Amino acid sequence: MLFILLSTLILADSYPTFTQTELKFIEKKFGKISKNRVLDYQKNINLIKTFPKSKRLSRTNFYLNQLLPQYDGVIQKQEDHWATPKEFLTIGYGDCEDYVIIKYFSLIKLGFDKNKLFITTVREKFNGGHHMVLSYFKHSDKSPLILDNLSFKILNLKIREDLHAELFINETGVYKFNDKNILLKIANHSAEYRELIKRIKREN
């Protein structure tokens, strides 16, 4: 319960936001390009806020997908590092989970219900690989929309025949589909998500 409350408080702060002190530090340590990337993010998120909610999803996905991908082994020298949005924006590129995480927090910042957004692990049916996307359950009783860093199109999971959804993760716990494609809670929390929130807390 305390962890969920902590998560809620962090999300309520419209994370990520950057102070002038942080911007100066980023410019000094990572250079002007990194600082300008952060400023561009803030500018675009504020612009997207002015759009009708029906357009915010696609514009956020399109904007953030323009950042260049890179494997975790190159970025963090470790596999499956879940970068915080501040880390991701400072570095300027990331792996699939890093795109998902920044989209997750950006959409919450833009007024989307955090209970309808899920960090989602998927298996790629055609090559057997593993991938991560963001699921948005616009309607709780229908298949979610999928935001994918490999696609500028937002499609319903039913249409994404190349993907098999495995786990759905957010601050309320870990879920999977039952045989009727209804979310079933299988754990109260994800260790990776909990660690991510701890690192976000240390940033503030």
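In this predicted model, seven strands form an open sheet in the order E6-E5-E4-E3-E7-E8-E9, with antiparallel pairing. Strands (E, at least two residues) and helices (H or I, at least four) are DSSP runs numbered from the N terminus, and two strands are taken to pair if DSSP finds at least two bridges between them. The edges are held by E9 and by strand E6 (151-156), each with a single partner strand, so one side of each is left without a neighbour in the sheet. From one strand to the next, the twist averages 35 degrees; axes are lines fitted to C-alpha atoms, for helices over the stretch in contact, and angles run from 0 to 180 degrees between N-to-C directions.

Residues are numbered from 1 along each chain as its sequence is written, and side-chain values use heavy atoms, with hydrogens and water left out. Local features need pLDDT of at least 70 and side-chain atom pairs count only at pLDDT 80 or more, whereas totals for chains, interfaces and linings use all residues.

Moving along the sheet, strand E3 (residues 117-124) pairs with E7 in the antiparallel sense over six bridges, and Thr121 stands opposite Leu167 in E7. Helix H4 (residues 53-65) packs on the sheet, where it touches strand E4 (130-136), strand E5 (145-148) and E6; contact here means heavy atoms within 4.5 Å. The direction of H4 makes about 145 degrees with that of E6.

Strand E7 (residues 163-170) is joined to E8 by a hairpin through two residues. E7 and E8 (residues 173-177) pair in the antiparallel sense over three bridges, with Phe168 opposite Tyr175 in E8. Tyr175 also stands opposite Lys185 in E9. E8 pairs in turn with strand E9 (residues 183-187), again antiparallel, over four bridges. The hairpin of E8 and E9 has five residues between the strands, and Asn181 takes a positive phi near 60 degrees there.

Helix H3 (residues 32-49) packs against helix H7 (residues 96-109) at an angle of about 50 degrees, with axes 10 Å apart. That makes H3 oblique to H7, since angles under 35 degrees count as roughly parallel, over 145 as roughly antiparallel, 65 to 115 as roughly perpendicular and the rest as oblique. Tyr41, Ile45 and Lys49 in H3 meet Ile102, Ser106 and Lys109 in H7. By class, this contact has three nonpolar, one polar and two charged residues (Ala, Val, Leu, Ile, Met, Phe, Trp, Tyr, Cys and Pro count as nonpolar, Asp, Glu, Lys and Arg as charged, and the others, Gly among them, as polar).
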